[in-house]
Amino acid sequence: LASSTRRQEKHQKKRYTTMFAIIGSSTLAPVAKTTTTSSSSSSSSLARRRRVPVRCSAASRGVVSSSTGNVVATKPTTSTTTTTSDVARALDDENNNKKSSSSVLGAAATAAVFFQAQASPALASAAENAVPSALAAYGHYLGLFLIVGALATEKAVLKPNMSGDELMKLVIADSVYGLAGVLVLYTGYLRVTQYGKGWEFYSHEPIFWFKMFLFAVMGSSSLFVTIKTITTFAAKQKSTDENETYISEKLATRMGKVLNGELLAVLAIPLAATTMSRGILFQQEMDWRLGAVPVALASAGLGFKYVKEAVTWSED
């Protein structure tokens, strides 16, 4: 009886020991994992060289026999190993991501400040030139409209045997045409040199020079109509006959043909301007003299031709 009692006490003691081992392993495993993680963050280089496995206890790989209190082995299961190097690597990646994010934000802020500082003078300059540029563009367009209106008026008024009042209308229309031509030329110069895309763009644009060629043809041919209008008006001023008529049929026909050519030239100018502003046929290697020389030759040649024709005009 005494030996049986001692065996039962021994078994009971072993059972309690096994139970305490199970409870202790399940309680200390998270603590060990936390301790390993904190230590790895402070010494990441050491953690990469040393792997500290945390394995399940023997009790988790078997069951406790109710009769004997011993741990009975069962089919082994795959154990999970957690290393400090994995934890340290994850922490390093997170720190690197934070550092890279901070660097990107700092670089972006620096770039924004830099570009704002660089853009401020340009924006201020653009704001200062906005009103003069708008006025130059308005004057340019207004001049073109006035030219078209004046030519259309001359075309409508011109006829053989004009009266004194009709001749006065022709004189007024031709005067408006001349002033509008000067306005277009001056505002065009401002837009090319100061307020537009700049001389470096226009000088390499063939369509710009074609536009200037059209303007030269229009201006030079208008000299014939202007000279004959002025001379006819001067003759009217000297005349005392109020019923006298002016402009012969031959002269009216010739002046009408010249006006038709001027209208065709001025109506082609807006098409040239729209294609020119979009950089069509732009040639960076083009020398500006290749465009300027034909314009100068056309202006001088046609001007001389029409002035000579007007001065030497004969009704015969």
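**A look at selected side chains and loops**

I begin with L281, which counts as exposed because its relative accessibility is 54%. Please keep in mind that we are looking at a predicted model. L281 sits in the loop that connects α7, residues 249-277, with α8, residues 288-311. The backbone deserves attention here as well: although L281 is not a glycine, its phi is positive, near 65°. As background, most residues other than glycine have a negative phi.

Where else does a positive phi occur in a residue that is not a glycine? N161 is such a case, with a phi of about 55°. This residue belongs to the loop between α3 and α4.

Let me turn to the charged side chains. In general, side chains of opposite charge can pair when their charged atoms come close. How many salt bridges does the model contain? The count comes to four.

One of them joins E166 to K159, with 2.8 Å between the closest N and O atoms. K159 counts as partly exposed, because its relative accessibility is 36%.

Another salt bridge pairs D287 with R289, and here the closest N and O atoms are 3.1 Å apart. Both partners are partly exposed: D287 has a relative accessible area of 31%, and R289 has a relative accessibility of 47%.

A further salt bridge brings together the side chains of K305 and E309, at 3.8 Å from N to O. These two residues are four apart in helix α8, so about one helical turn separates them. K305 is partly exposed, given its relative accessible area of 39%.

Finally, I come to a nonpolar region of the surface. L146, M168, I172 and V176 make a nonpolar patch of about 290 Å². Which helix supplies the largest share of this patch? Helix α4, residues 164-195, does so, with three residues. L146, for its part, lies in helix α3, which covers residues 84-157. L146 counts as partly exposed because its relative accessibility is 35%.

Thank you for your attention.

Methods: Residues are numbered from 1 along each chain as its sequence is written. This is a predicted model: local features need pLDDT of at least 70, side-chain atom pairs count only at pLDDT 80 or more; totals for chains, interfaces and linings use all residues. Side-chain values use heavy atoms; hydrogens and water are left out. Patches are made of residues with over 30% relative accessible area and no salt bridge: like charges are joined within 9 Å, nonpolar side chains (Val, Leu, Ile, Met, Phe, Trp, Tyr) within 5 Å. Accessible areas come from the Shrake-Rupley method with a 1.4 Å probe; for residues, only the protein chains shown count as cover. Buried means under 20% relative accessible area, exposed over 50%, partly exposed in between (1.4 Å probe, protein chains only).
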